[in-house]
Amino acid sequence: MERAIFLRSPNKLHLLPRHYSPRNFFSLFSSSSKSARSSSFTHRILHRPINPLTPRSLLLPRRCRFLPLSDTTYSSSFHFNKHHFSSASPYAIATQCSPGASTLPDEVEAKYGFEKVSEEFIGECKSKAVLFKHKKTGAEVMSVSNDDENKVFGIVFRTPPKDSTGIPHILEHSVLCGSRKYPLKEPFVELLKGSLHTFLNAFTYPDRTCYPVASTNTKDFYNLVDVYLDAVFFPKCVEDHHTFQQEGWHFELNNPSEEISYKGVVFNEMKGVYSQPDNILGRTAQLASSLFSNCLILLISALFPDNTYGVDSGGDPKVIPKLTFEQFKEFHGKYYHPSNARIWFYGDDDPTERLRILSEYLDMFDASSASNESRIEQQKFFSEPVRIVEKYPAGDGSDLKKKHMVCLNWLLADKPLDLETELTLGFLDHLMLGTPASPLTKILLDSGLGDAIVGGGVEDELLQPQFSIGLKGVSKEDIEKVEELVMGTLKKLAEEGFETDAVEASMNTIEFSLRENNTGSFPRGLSLMLQSISKWIYDMDPFEPLKYEKPLMALKARIAKEGSKAVFSPLIEKFILNNPHRVTIEMQPDPDKASRDEAAEREILEKVKASMTEEDLAELARATQELRLKQETPDPPEALRSVPSLSLFDIPKEPVHVPTEAGDINGVKVLKHDLFTNDVLYAEIVFNMRSLKQELLPLVPLFCQSLLEMGTKDLTFVQLNQLIGRKTGGISVYPFTSSVQGREDPCSHIIARGKAMAGRVEDLFNLVNCILQEVQFTDQQRFKQFVSQSKAGMENRLRGSGHRIAATRMDAKLNVTGWISEQMGGVSYLEFLQALEERVDQDWDGVSSSLEEIRASLLSKNGCLINMTADGKNLTNSEKYVSKFLDLLPSKSFVEAAAWNARLSPGNEAIVIPTQVNYVGKAANIYDTGYQLNGSAYVISKYISNTWLWDRVRVSGGAYGGFCDLDTHSGVFSFLSYRDPNLLKTLDVYDGTGAFLHQLEMDEDTLSKAIIGTIGDVDSYQLPDAKGYSSLLRYLLGITEEERQKRREEILSTSLKDFKEFGEVIEAVKDKGVTVAVASPDDVDAANKERPSYFDVKKAL
Ligand SMILES: [Zn+2]
């Protein structure tokens, strides 16, 4: 969610700690791993687009427009994401064009008031694309037709801000809070609840705001389009200041005798962002949350001091309270106008219908000059480099010596670049930084000057491209050395060029991704829209960014003819070395900053209060009360009914079937999924981890990383990485642990996952074999780097995704699976890493032999399982390579499972970190109450998140998000909040959930919406490899087709009675639940004063 932009609704993946345990039933009962999507989430996380991280890069692995690369290829410190490979998995469905489908007779477009500007067939995405202009207003429409059933619509406005009050961001939050045709509090939430959307969100960039939706169901799709169009053009928020107060900012005063405080969803969200000092280099942390950081904001504004990027479109918490309702309203009137709009349609629906729907809205407007006023000015080059030093809030407990950060940033061009140059820069970026073996990455990490890489490499989603690179975890005295090392390495690369093997590996990796078109769970049409818009928004050709084939061929030909050095060295010299437009940012830890910021805010608020008369104060208390009352009053049924929805009759009665053939090769179980994958084979090789000694578990993530990044007797790790890049589409290795329903013992495996073109399957299995069996655990210095990187990653995670840390910690108190996950990705893991750092120096032999011990315990034909997804012919052809691979595996006699029985102590706990916003969790195991799983639980959990928690924790509580989750495997029901200004108050809301359900009344419409929305989650769209992967997980967890069918029927027949009964069940969380909060020291102190000894306190940063 937080890579770059402000996303309206965060990905579930980002918000829950499901990395070791697939708690999310969706991935198992559904056709899809919904965990990689958002909709069952009730909180939106808006993200704001800061450049280095763009929406696409946020959701897709790579940042450069041309490189939709999956870095699941490589292991990284973020192992916990790896089993969600599906989210970065290939989009292997070839959409066939239906020729002529989009060719409308001229009279049709004329009838709806459009004229055709141009049209093209785009081979790369097998689509016919037509650009129309709405004659009356000048609105532009790209209508893209093919046979992809996952239809996408998006409307984009240029919204350059003039100051850092966050208008575009607050507006993005607000327009979906009710409109002319849909006059309820939050139509967006109604859509989250009750539609079959495959994507529903909104993004704010530094210069534009995007509103995209997607669905495979045509009726549902047009419903979504209509709600979005009405929302952007006719929102209630410009007439009713309550929405502005709620989403933006307001003074809150419950009682004239109390202190005034600031409240507002965006206000709190941005406080969280400004508390996050840095982000770890995007490519390894693609899916980690909260990568959006203070440093990124600084970086963009410093690179572009003279244009709109010099201010923060997301909003600086110090500046947000300067924004007035009048300014907000005026901004909407000016920029949310058809003359300033670019509209995208994509998929297999009728292109005439698209124009008809649009004309209804666009015809209501006259042309305006907005498009001229919203144009983005180019930033002129500096004559000399600039340096910025900034403080960030650090904990007073931690060692502040190695906590500095330095990042070098360049504006690469003073005007937009042509496509071929951008493509070449993208290649250069991959060559320098794309993998752990890439020279710039490797040299920086090998230097030992810092713990992890920061900066995103080349970013090209704004008007002018940028490049950034740096290190975090640096000592003050080494800052200069880092800068010299970056410059020196770049100079060396320009002088010496790159190894031929490295160039070939990058070329193959990039080409594989482009052709595979890997968008994972992200709709392909949306990925294309974001690519197109990145040029179109600047009045350039919207077709061009979709056509990579020609520039790619030209680049390959140039490299073949002139050699790679002649191609890349001049680029490094021109764009980086000889470029004076460089900004160096140094971030310094400051243990007092958080309290200073808070004190400054309190002082302002005290002054405000002192300036008010008694009447003013009474009035403010009344207004606070009025806003709260409004927030807590449910929408009237007629308003709710205005949001269009499908009926239960539109819903298929059976779950999506994944073809699975179970067989046997050399005595090993093999699952095969015959699906069309465009000649790619996807394979998972699964090993049982159950015989591993308990004390070795925390070492497993680093063991996996070592397999991919340590090298063998014959190959250095650089060579091994290049081989993987040259021969395959990527290999990853990661642990997978989950509870199993009805069983004490967890399911625990290590999965090696890879993909390759059909002709390279032999290479794929050879390389997997090499990684598993031949890698040597001998490189002490490298291993030490892994430890530092992982430590930096965990620290990042604590600040940015404290809700995950809290959830994992609660699980660890409740079951073994949770304990294992916490050992490999929670606070315990961070502590383990801190100790390991010393142990590597003192007892490397011991560490190295522990790694060998893990391998010996793991690698065995017994307990191995192979899963493959491809079309029938390629599956059959692959069997001989699988057989050979299995022959090489050792056979071991049956080994007893190790005794894993640990738990963390069951008390309530507060993990204290330097932050201004909290993450609050409470959980209990509801199976312990005798509750038997019923499909209705999915409907009810989603409903609780989307109503009770949304209203109380987010809307009136001011948190960025609040939600609940049932891990159907373990029975743990948990509540979590995200960037929450409250602590005990949020716990009270959780405790009120049972009563809320008990008193609940709902009509048939509301109930069927809740059911349909749940089915939408269960049936979410999946690419073939993701289907094969979900099927594997179901197999591992013993979930049968019969059970899926049964759960589906239970979902479809959910009744109000089920809600009320469930209300009784979750009283267990209130009565016996355990609480974990990741929170600020002040809030924890206050809580322990109010409820003595409620929390055990643990300092983590
Ligand atoms: Zn937001």
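Is tyrosine 392 buried or exposed? Tyrosine 392 is buried, with a relative accessible area of 6%. Here, buried means under 20% relative accessible area, exposed means over 50%, and partly exposed lies in between (1.4 Å probe, protein chains only). The model is predicted, so local features need pLDDT of at least 70 and side-chain atom pairs count only at pLDDT 80 or more, while totals for chains, interfaces and linings use all residues. Residues are numbered from 1 along each chain as its sequence is written, and side-chain values use heavy atoms, with hydrogens and water left out.

Tyrosine 392 is found in strand 12 (residues 386-393). Helices (H or I, at least four residues) and strands (E, at least two) are DSSP runs, numbered from the N terminus. Tyrosine 392 and proline 277 are 115 residues apart along the chain. Their C-alpha atoms are separated by 5.8 Å. Contact means heavy atoms within 4.5 Å. Leaving aside neighbours within four places in sequence, tyrosine 392 is in contact with Pro277, Lys403, Met587, Gln588, Pro589, Asp590, Lys593 and Arg799.

The protein chain as a whole holds 41 helices and 28 strands. Of its 1101 residues, 69% are buried. Contacts between residues at least 6 apart in sequence were also examined. Among these, 84% join residues at least 24 apart.

The next site is the zinc ion. His169 (NE2), His173 (NE2), Glu269 (OE) and Glu269 (OE) coordinate the zinc ion at 1.9 to 2.7 Å. Donors are N, O and S atoms within 2.8 Å of the metal (3.2 Å for Na, K and Ca); water is not among the atoms, so sites may look incomplete. The donor residues follow the spacing H-x3-H-x95-E in sequence. The pair of histidine 169 and glutamate 269 links distant parts of the chain, 100 residues apart. Histidine 169 sits in helix 5 (residues 167-175), and glutamate 269 sits in helix 9 (residues 265-275). Both histidine 169 and glutamate 269 are buried.

The angles among the four donor atoms run from 54 to 160 degrees, and the site is irregular. Four donors count as tetrahedral if all angles lie between 85 and 135 degrees; four count as square planar and six as octahedral if opposite donors are over 155 degrees apart and all others between 65 and 115; anything else is irregular. Helix 9 is mostly covered: eleven of its eleven residues are buried. Among them are Val265, Phe267, Glu269 and Tyr274.

Two further helices pack against each other. The axes of helix 15 (residues 439-446) and helix 16 (residues 479-496) come within 10 Å and cross at roughly 145 degrees. Axes are lines fitted to C-alpha atoms, for helices over the stretch in contact, and angles run from 0 to 180 degrees between N-to-C directions. The crossing of helix 15 and helix 16 is right-handed. A crossing is left-handed if the near helix is turned anticlockwise from the far one by less than a right angle, and right-handed if clockwise. Helix 15 contributes Pro439, Leu440, Ile443 and Leu444. These meet Leu485, Val486, Thr489, Leu490, Lys492 and Leu493 in helix 16. By class, this contact has eight nonpolar, one polar and one charged residues. Ala, Val, Leu, Ile, Met, Phe, Trp, Tyr, Cys and Pro count as nonpolar, Asp, Glu, Lys and Arg as charged, and the others, Gly among them, as polar.

Other helical residues were examined in turn. Glutamine 327 lies in helix 11 (residues 325-335). Glutamine 327 is partly exposed, at 34% relative accessible area. Beyond its neighbours within four places in sequence, glutamine 327 is in contact with Ile167 and Lys322. Serine 788, in helix 27 (residues 780-800), counts as buried because its relative accessibility is 10%. Serine 788 touches Asp451 and Glu837, not counting residues up to four places away in sequence. Proline 351 lies in helix 12 (residues 351-362) and is buried at 5%. The C-alpha atoms of proline 351 and serine 145 are 7.3 Å apart in space, and the two residues are 206 apart in sequence.

Backbone angles were considered last. Most residues other than glycine have a negative phi. Lysine 126 has a positive phi of about 45 degrees although it is not a glycine. Lysine 126 is placed in the loop between strand 2 (114-122) and strand 3 (127-134). Asparagine 678 has a positive phi of about 60 degrees, and it is not a glycine either. Its place is the loop between strand 18 (668-674) and strand 19 (680-688). Lysine 126 is partly exposed at 31%, and asparagine 678 is partly exposed at 33%.
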